[in-house]
Number of protein chains: 2
Amino acid sequence: MAKQAQNSMQSALDLVQAVQQNEMVPQAAVEMCLGAIEAHEPIVKAFCCLDPAMALEAAMHSTGPLKGICVAIKDVFDTADMPTEYNSPIYRGYQPRADASLVSTIRGLGASIIGKSVTTEFAFFSPGPTTNPNNPDYSPGGSSSGSAAAVAAGMVPLAIGTQTGGSVIRPAAFCGITGYKPSFGFLPKSGLKNLSPSLDTAGLFATHVRDVAFFAALLTGRRLRVDGGVQGAPKIGLIKTHHWADVDHDMQEGLEIAARLAVRSGATVIELNFDDIIMRAFSSHQIIHDYEASRALAWEHREHPDKLSTLITETLEFGKTIPNADYDEALAQAAEARKIIADQLSSVDVFLTPSAPGIAPKGLASTGSSLFNRVWTLLHLPCVNVPGLRGSNDMPIGMQIVGPYLEDRKTLAAAAWLENVLRKSLS
Amino acid sequence: MAKQAQNSMQSALDLVQAVQQNEMVPQAAVEMCLGAIEAHEPIVKAFCCLDPAMALEAAMHSTGPLKGICVAIKDVFDTADMPTEYNSPIYRGYQPRADASLVSTIRGLGASIIGKSVTTEFAFFSPGPTTNPNNPDYSPGGSSSGSAAAVAAGMVPLAIGTQTGGSVIRPAAFCGITGYKPSFGFLPKSGLKNLSPSLDTAGLFATHVRDVAFFAALLTGRRLRVDGGVQGAPKIGLIKTHHWADVDHDMQEGLEIAARLAVRSGATVIELNFDDIIMRAFSSHQIIHDYEASRALAWEHREHPDKLSTLITETLEFGKTIPNADYDEALAQAAEARKIIADQLSSVDVFLTPSAPGIAPKGLASTGSSLFNRVWTLLHLPCVNVPGLRGSNDMPIGMQIVGPYLEDRKTLAAAAWLENVLRKSLS
């Protein structure tokens with residue numbers, strides 16, 4: 001099952017080219033996805049809602065650049081034609097009136113929105129039923145569990161998700177695909193269920209870095225593509241972070257292998273330490289997150305306390321106790337940390353750092369830790385999970401490339417370069 | 001009609017005290033509002049939805065500090081028990097599942113949510129049917145037309161609205177009440193229909209500055225009340241802005257009277273000029289606004305172009321043509337302007353500047369200009385419209401107090417001081 005799923009992963013760029021060059025009709029591209037869904041969905045459980053007929057219909061009538069390309073939408077984005085439930089019993093059967101901005105933009109590009117993918121409860125930590133396509137005994141990560149798993153299982157070439165802590169980069173790392181959390185503000189958030197508005201960031205999933213860059217370029221109209229020729233070797237700052245003691249043996253080895261292969265392929269790699277201010281920013285993330293979540297989910301907490309998980313209830317209750325002064329201070333600290341990190345990033349092209357503490361956790365009780373993601377989310381920097389390496393039990397390990405604010409093109413280019421280096425060495 | 005409405009304006013603080021000291025049962029406070037609604041709503045048309053029975057019900061069973069206090073909710077905030085239509089035919093009859101965060105918080109304080117107040121289409125410029133309670137031949141201003149008019153007509157003591165350009169301060173000025181646009185981020189926006197997320201700011205309406213400060217203190221848990229004793233005379237920076245040629249005779253005179261009365265009561269008033277960077281920030285506002293609106297309303301524009309006004313359609317179409325580089329630059333300019341203005345504000349306590357070019361426009365075709373509001377919204381600064389002065393045809397003119405970011409207490413205190421000075425001189 002694991003190998004089969006991996007082998008059938010679809011490159012969105014390859015599919016788009018096949019459709020454009022009339023090697024494949026758009027409906028055939030959708031049917032390929034439907035075949036993969038039929039084969040893998042019973043075990044992977046990536047979707048909470050599927051609409052194959054609508055996906056085929058869209059492929060037949062669309063004229064946009066993504067015609068025939070199936071996209072999975074994390075079930076925290078409103079959809080006008082499918083229920084939106086945030087994996088919460090409070091919203092069972094809830095049918096929004098409108099599409100979220102990002103969903104409407106994807107439809108406008110001609111894509112086939114094939115279904116809503118499983119999220120943890122309100123994109124926080126309580127997991128859904130999704131399993132890891134590499135091995136169903138492992139978690140796919142979260143909170144964008146279904147989006148990452150659907151791409152990894154070859155059920156869709158593209159998916160969207162969100163990251164407030166580590167919800168794009170972590171599941172991409174655990175599933176062995178590319179996850180891209182853009183600079184804060186790059187992708188529109190209207191119609192996205194808020195968790196912590198200062199941190200919530202829409203993100204993308206695809207097989208390769210070039211696929212995700214292609215998708216991002218279409219969605220934003222920005223020059224983000226990295227498929228047009230060879231990328232130069234970047235100057236990389238290696239950041240083990242002050243949580244290095246928390247990484248597993250696979251990640252320790254993986255990061256060293258990635259750095260060594262990068263050097264061998266012409267990159268400059270220098271090890272950098274986190275500034276103290278960045279270290280302190282870790283606690284700012286939690287303060288901002290919990291304070292804002294207690295406001296964002298005020299109605300749910302007030303009207304349906306019995307339908308919330310204990311985990312989220314505790315967070316919302318803690319959030320209410322945070323003094324306004326602490327919240328203001330956390331926002332100020334985050335702003336200060338953004339200046340410091342910009343300085344540090346000016347000496348290199350990008351950072352290389354773990355995407356997660358290691359391989360996916362075993363079992364489905366936990367979607368894993370966002371320890372290696374939260375601070376980058378807070379700093380609003382573009383992050384890419386680069387797939388390719390594997391650890392224990394042949395499970396994926398993810399390398400994270402982090403770039404300067406708004407320099408997403410440079411970040412994606414460095415990630416594509418590293419992906420290429422890793423692939424060559426492993427083939 | 002005009003005089004009658006003005007005379008029956010309700011101070012929220014006075015009402016709360018009357019209820020707390022058992023001088024009035026909560027239901028009686030609600031019934032007083034219902035009486036005013038019966039008397040004035042046929043001409044003022046402040047509400048698109050009213051639920052007197054629910055308001056009375058809440059007053060009977062609530063235990064919070066706002067029991068018996070009626071609040072009007074601008075129809076851009078989701079309500080779980082009343083339709084939410086954004087004054088757009090696209091959303092006719094739309095019933096959200098949840099309350100917006102701010103609505104849920106208001107309910108949690110025990111208030112009676114009596115109805116949804118008229119907004120312009122999507123809080124942009126196309127007006128609703130609301131008239132000015134001072135004289136129905138005049139516009140109430142917009143986009144929070146119904147919220148300002150409902151307070152001015154004595155139909156509710158408190159209301160909430162939003163400001164993306166000038167939609168809180170302007171209608172408050174035209175209707176002759178207090179409007180308060182807090183520092184960006186003070187009030188939660190989850191469940192608020194997005195127009196331009198970097199600018200959209202929730203705001204409050206009440207009769208006096210002390211009432212709006214009391215309401216804000218309850219909503220945020222911040223020390224914002226200004227009703228506890230005498231405020232010291234502030235150091236005021238008088239800013240005529242580079243749009244001074246656009247103000248009418250009433251405002252020219254009004255601002256000079258306000259400054260003179262302030263000096264006579266012990267304030268220091270110095271005239272300040274806008275920095276060039278602040279002047280340039282005006283154009284940043286439009287770029288950010290139109291770019292973001294075209295994303296926020298992507299679904300409406302794509303699926304229901306025939307149901308949008310020409311005005312908003314043109315804005316959305318223009319927004320789509322704005323290059324990403326211009327948007328990025330506008331955001332960077334706004335960030336720079338925020339630093340400059342912080343420096344300028346450090347030499348005084350607050351700015352005194354027009355709330356609008358003058359009295360309300362005659363007729364209902366236009367809700368007036370946001371020329372004197374947009375830059376403050378962009379700068380994320382707390383603004384208060386101070387009522388009291390009147391111009392031609394006895395229509396209100398509004399004085400705007402603007403304070404430093406996050407120093408809302410200082411801003412409200414200076415506004416309360418000025419309101420007091422104006423009232424004394426006019427009595």
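**Contacts between the chains**

Modeller: Let us begin with the interface of this predicted model. In chain B, 27 residues are in contact with 27 residues of chain A.

Biologist: Which helices of chain B each supply at least two residues of the side that touches chain A?

Modeller: They are α5 (101-108), α10, α11 (298-303) and α13. By class, the side of chain B that touches chain A holds 10 nonpolar, 9 polar and 8 charged residues.

Biologist: Why can one say that the copies meet through the same surface?

Modeller: Of the interface residues of chain B, 100% are also interface residues in chain A, so the two copies use the same surface to meet.

Biologist: What rotation superposes chain B on chain A?

Modeller: The rotation is 180 degrees, with 0.0 Å of shift along its axis and an RMSD of 0.0 Å. The copies are thus related as by a two-fold rotation axis. The C-alpha of chain B nearest that axis belongs to B:Pro96, at 3.9 Å.

Biologist: Let us turn to helix packing. How is a pair of helices to be described?

Modeller: Two packed helices are described by the angle between their axes and by the distance between those axes. In chain B, the axes of α10 (residues 276-296) and α13 (residues 324-345) come within 8 Å and cross at roughly 140 degrees.

Biologist: Why are α10(B) and α13(B) called oblique to each other?

Modeller: Their crossing angle is roughly 140 degrees. An angle counts as roughly antiparallel only when over 145, and α10(B) and α13(B) are therefore oblique. The crossing in which α10(B) passes α13(B) is left-handed.

Biologist: Which residues meet where α10(B) and α13(B) are in contact?

Modeller: On α10(B) they include B:Ile277, B:Ala281, B:Ser284, B:Ile288 and B:Tyr291, and on α13(B) they include B:Tyr327, B:Leu331, B:Ala334, B:Ala337 and B:Ile341. Sorted by class, this contact has 13 nonpolar, 2 polar and 3 charged residues.

Biologist: At what angle do α10 and α12 of chain A cross?

Modeller: The axes of α10 (residues 276-296) and α12 (residues 310-321) of chain A cross at roughly 105 degrees and come within 7 Å. Angles of 65 to 115 degrees count as roughly perpendicular, and α10(A) and α12(A) are therefore described in that way.

Biologist: Which residues form the contact of α10(A) with α12(A)?

Modeller: A:Asp290, A:Tyr291, A:Ala293 and A:Ser294 of α10(A) meet A:Thr315, A:Leu316, A:Phe318, A:Gly319 and A:Lys320 of α12(A). These residues divide into 4 nonpolar, 3 polar and 2 charged.

Methods:
Residues are numbered from 1 along each chain as its sequence is written. Chains are lettered from A and ligands numbered from 1 in the order in which they are written. This is a predicted model: local features need pLDDT of at least 70, side-chain atom pairs count only at pLDDT 80 or more; totals for chains, interfaces and linings use all residues. Axes are lines fitted to C-alpha atoms, for helices over the stretch in contact, and angles run from 0 to 180 degrees between N-to-C directions. Helices (H or I, at least four residues) and strands (E, at least two) are DSSP runs, numbered from the N terminus. Angles under 35 degrees count as roughly parallel, over 145 as roughly antiparallel, 65 to 115 as roughly perpendicular and the rest as oblique. A crossing is left-handed if the near helix is turned anticlockwise from the far one by less than a right angle, and right-handed if clockwise. Two residues are in contact if their C-beta atoms, placed from the backbone, lie within 7 Å. Ala, Val, Leu, Ile, Met, Phe, Trp, Tyr, Cys and Pro count as nonpolar, Asp, Glu, Lys and Arg as charged, and the others, Gly among them, as polar. Copies are superposed by least squares on the C-alpha atoms of residues with pLDDT of at least 70 in both.
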